[in-house]
Amino acid sequence: MLPMRPFAIGLSAALAVAILIPAAVISAPKEEKGKPAAIDAKSREIGKKDAPAVIQASGASCTVSDARFLGEDKKAGDKYYEVACNEGMGFAVIAKKEGAPQLYSCLESSQPGPDGKVGSLACLLPGNANPGAQLAAYVKKAGVTCEQENARAIGSGAKNSFFEVACKGGAGYIVQTTNPMSLNGEVVANSCLLYEEGGNVSCKLTNRQTQLQLVDGLNAAAANNCVIKDRSYVLSTKTDSYYEVACQDGKGYMYQQTMATGAFVKSIPCAQASFVGGGCKMTDSVAAQTEQAGFYSKLSAKAGFPCDVEKYGMLPSADPKKEVVELKCKNSDVGAIAVFTATGGTVFDCLTAEFNGYRCSFTKKDTQYARLSQDLVGFNKASCKVSDVRIMGSTDNEGFVEVACSDGLPGWVLGYPTGVAKPAAKEFLSCAQAKGIGGGCKLPTNKTKS
């Protein structure tokens, strides 16, 4: 089964530190109606002179391309600057009289307050004219594709800053950067759907209903003939996100989407989706699984392995055209691994499945003892009643099994062809002859008597 865990977000107490912007700064450019605020040449001269040393003291990765002096709090001794960087996002800077300078990204410092007005530390330099667009480089580094429509600052903590971006098509992300921001630092982007609406950290530029519209595109790519009745976000791993859809005809699916590009990966029927967050919640999974079990019963019988399927489990498949399923049959201890395709399938019993890269979890190994004992009869070793078994390994075309005998006498090694359903043993070796296979015999009675 595929291990699925929600991607850890790690935002607890992240926004405990708010942006503290002074109510007034001694010298700030005045904005004329309909015109951008003029930047005083003298303030720019002072800023360019002071900023490199201030930035160096802050430890930020910023090559100063422009700067201006905003003013000074003479009582506290703090000085205020705006800095533009060659690397992208600029900063509003508080150079403290004592201690390290405090930096706030222009997206934070220029964000309007509750009254709709920006504060005295709003960025005005030409290089900082569009801080939202400057966030795009960070989004790209995080590994997601987003044609950005809007952006806002959420806040900063001691080590990280948090932003929201809204993308065309309805998708949105919470972006976490280092604080101060640096493209050389770690950047993480998580879908807005991971966050509850109205929470301390949540998306406000898009709503959940809009974000879930992307499921329509996944549904079209899946081509399941599903008329969507309902949809929901399920979970994300480090590489993929999963969504559930319930269809008007009563069926349901999980859709897997790659987070990097937003591309559709595959459709998983609810009957096979128990490994994703506990399975479908909007569709009757029990009924779906019962129907699917009957379907697998027909497929396995057609493949030459009659099995009234009681239980099944999906296994990873490197080939999207192959479905790999472990089967447990009703009223039988014998299970199997089935590899189904659009045209048929091959079913391996749980002994030979391991030679072919699969392992049964529903079936105990002692259920294979009678079969192995019977195979030994074909080599005139009817006296050996198998009491233990170990898979030794395989070559390109043959797999080897070590068996122990219940009478305590030395056991044997049997060889079976790989890639064949229900293969007959084609080779018989003593443990002495099999020293070069898988490290030789290792079962207790064989190890002492070899």
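**Stop 1: the second largest pocket**

Welcome! Start with the second largest pocket, which holds about 460 Å³ of space. To find it, select K266, S317, P320, K322 and E323, which are the closest to its centre of the 19 residues in its lining. Before you go on, note that this is a predicted model, where local features need pLDDT of at least 70 and side-chain atom pairs count only at pLDDT 80 or more, while totals for chains, interfaces and linings use all residues. Residues are numbered from 1 along each chain as its sequence is written, and side-chain values use heavy atoms, with hydrogens and water left out.

A word on how these spaces are defined: on a 1 Å grid over the protein atoms alone, a pocket is an open set of points with protein on both sides within 12 Å along at least five of seven lines, whereas a cavity is a set of points where a 1.4 Å probe fits but cannot get out; lining residues have an atom within 4 Å of a point. Points are joined across faces, edges and corners, and a volume is the space filled by probe spheres set on them.

Now colour β12 (264–269), β13 (309–315) and β14 (323–329), the elements that give two or more residues to the lining of this second largest pocket. Strands here are DSSP runs of E with at least two residues, helices are runs of H or I with at least four, and both are numbered from the N terminus. β12 gives the most to this lining, with 5 residues. By class, the lining of the second largest pocket has 11 nonpolar, 4 polar and 4 charged residues. In this scheme Ala, Val, Leu, Ile, Met, Phe, Trp, Tyr, Cys and Pro are nonpolar, Asp, Glu, Lys and Arg are charged, and the others, Gly among them, are polar.

**Stop 2: the largest pocket**

Next, move to the largest pocket, with a volume of about 540 Å³. Select Y253, P269, Q272, Q292 and F295: of the 23 lining residues, these are the closest to its centre. Two or more lining residues come from each of β11 (252–258), α7 (285–302) and β15 (335–341). α7 provides the largest share of this lining, 6 residues. Sorted by class, the lining of the largest pocket has 10 nonpolar, 7 polar and 6 charged residues.

**Stop 3**

How many cavities of 30 Å³ or more does the count give? The count comes to 1 cavity. About 30 Å³ of space lies in the largest cavity. Select C192, Y195, E197, C203, R208 and Q211 to show its lining, which has 3 nonpolar, 1 polar and 2 charged residues.

**Stop 4: an open sheet**

Switch to a cartoon view and pick out the 4 strands that form an open sheet in the order β5-β6-β7-β8, with antiparallel pairing. β5 (148–156) and β8 (188–191) stand at the edges, each with a single partner strand, so one side of each is left without a neighbour in the sheet. Neighbouring strands of this sheet are turned by 25° against each other on average, direction ignored; the axes are lines fitted to C-alpha atoms, for helices over the stretch in contact, and angles run from 0 to 180 degrees between N-to-C directions.

Zoom in on β5 and β6 (residues 160–167), which run antiparallel and are joined by 7 bridges. Two strands pair if DSSP finds at least two bridges between them. Select G155 to see it standing opposite F162 in β6.

**Stop 5: the disulfides**

Finally, show the cysteine side chains. A search of the whole structure finds 10 disulfides, each a pair of cysteine sulfur atoms within 2.5 Å.

- Select C106 and C123, whose sulfur atoms are 2.0 Å apart in a disulfide. C106 lies in helix α2 (residues 106–109) and C123 in the loop between α2 and α3 (131–134), so the pair ties together parts that are 17 residues apart in sequence. The link of C106 and C123 is left-handed, with -80° about the S-S bond. Both C106 and C123 are buried, meaning under 20% relative accessible area, where exposed is over 50% and partly exposed is in between (1.4 Å probe, protein chains only).
- C384 and C405 form a disulfide with sulfur atoms 2.0 Å apart. C384 sits in the loop between α8 (369–377) and β17 (386–394) and C405 in strand β18 (residues 398–405), so this pair links distant parts of the chain, 21 residues apart.
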